Amino acid sequence: MNTREIVEKCLEKSDSRFDLWINLVESLQVKAMAEVGVYKGDFAYQLLQKCGSIEKYYMVDPWRHLEDWKKPANKNDNTFEQFFLEVKEKTSFAAEKRVILRGKTTEVADQIPHESLDFAYIDGDHTLKGITIDLIRLFDKIKVGGWIAGDDFSRSIWQHTPNYEPTLIFPFAVYFAEAVGAKIYALPYSQFLMEKSETDSFSFVDLTGKYNNLELKSQLNPLEIFKIKMMDLASFVKSK
Ligand SMILES: C[S@@+](CC[C@H](N)C(=O)[O-])C[C@H]1O[C@@H](n2cnc3c(N)ncnc32)[C@H](O)[C@@H]1O
């Protein structure tokens, strides 16, 4: 089966983000992976519990307040210290598989060997700066034939209130895929999956029907922002 067939099969039997990645990571037989942005470790816990194929799991997160990160998940140092302890406790059953890299992507990614990963899940700093850094720093770590994926592939860049920085996973990840010649899939639950290949295989496969416009201009127009928000709300209600 090729990646698209595997993805479609996994989508049929998944009804949440966690379910989807558990099914995909297991079906793709991922052995070495990284998660960028671990927070309280809920995603890591689920994958390490349920995906028997995983042998090595890098956890990248600073677990500290970041002065220049304007997102709601940016808590104070004490809260992050609690989260860090929680992650260590929660994933202690897989202590021999996990490699904890405490730091920002730019501070610790060098500790992951070149082309050593089957899979990376990007869920850290979702701003334009963050996704640019994460995709560029992690892509080299992926084996040819491996995958890089992520959360918050939000159709609207206005994911939170205007007090926060916009979320630019979409459309930036699509532009990045074109730059490196990779195929990229838009998946339900605001997820994306990119496949690294030897030859230029860029295409954008939208399996949701929502990502019809790759331009930024429309996302700056109030009427378009309203339409996208309504579309997001409708799919959220449908998924309940
Ligand atoms: C949305 S949470 C991750 C949720 C987690 N992946 C899950 O599904 O349970 C975002 C995390 O990204 C981390 N983060 C923010 N900026 C980062 C950076 N520059 N490098 C690595 N991690 C970062 C934050 O500390 C936070 O824990």
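How many of the 5 residues of β7 are buried? In this predicted model, 5 of the 5 are buried, so strand β7 is largely enclosed by the rest of the structure.

The protein contains 8 helices and 8 strands. Its radius of gyration is 17 Å, close to the 18 Å that the globule rule gives for 240 residues, so the protein is as compact as a globular protein of that length. Along the principal axes, the C-alpha trace spans about 50 × 45 × 35 Å. Of the 240 residues, 38% are buried. Contacts across the sequence can also be described: among those between residues at least 6 apart, 64% join residues at least 24 apart.

Strand β7 may now be considered in detail. Both of its faces are covered, with Gln191, Leu193 and Glu195 buried on one side and Phe192 and Met194 buried on the other. Strand β5, residues 142–150, runs antiparallel to β7 and is joined to it by 4 bridges. Within β7, Phe192 is the residue that stands opposite Gly150. Strand β6 also pairs with β7 in the antiparallel sense, over 5 bridges. Here Ile184 has Met194 as its bridge partner in β7, and Leu187 stands opposite Gln191.

Strands β6 and β7 form a hairpin with 3 residues between the strands, and in this hairpin Tyr189 takes a positive phi near 60 degrees. Ser190 lies in the loop between β6 and β7. The phi of Ser190 is likewise positive, near 60 degrees, in a residue other than glycine. Is Ser190 buried or exposed? A residue is buried if 20 or more other C-beta atoms lie within 10 Å of its own. Ser190 has 23 C-beta neighbours inside 10 Å and therefore counts as buried.

Strand β6 is itself mostly covered, 4 of its 5 residues being buried.

Apart from neighbours within four places in sequence, Gly146 is in contact with Leu117, Asp118, Phe119 and Lys196. Gly146 and Met194 are 48 residues apart in sequence, yet their C-alpha atoms are 8.5 Å apart in space.

Which residues does Ala173 contact, leaving aside its neighbours within four places in sequence? They are Ile131, Leu135, Gly150, Phe153, Ile184, Phe192 and Met194. Pro171 is also found in helix α7, and a cis peptide bond joins Phe170 to Pro171, with omega about 5 degrees.

Helix α2, residues 17–27, has Leu20, Trp21, Asn23, Leu24 and Val25 as its buried residues. These pack against α1, α3, β4, β6 and β7. After α2 comes Gln29, whose phi is positive, near 55 degrees, although Gln29 is not a glycine. Gln29 has its place in the loop between α2 and β1. With 12 C-beta neighbours inside 10 Å, Gln29 counts as exposed.

Of the 19 residues around the ligand, Gly37, Phe43, Asp123, Gly124 and Asp125 come nearest. The elements that give two or more residues to this shell are β1 (32–36), α3 (42–50) and β2 (56–61). By residue type, the shell divides into 9 nonpolar, 4 polar and 6 charged residues.

Methods: Residues numbered from 1 in each chain as written. Predicted model: local features only at pLDDT ≥ 70, side-chain atom pairs only at ≥ 80, totals over all residues. Near = placed C-beta within 6 Å. Nonpolar A, V, L, I, M, F, W, Y, C, P; charged D, E, K, R; others polar. Contact = placed C-beta atoms within 7 Å. Rg over C-alpha atoms; globule rule 2.2 N^0.38 Å. Pairing = 2+ DSSP bridges.
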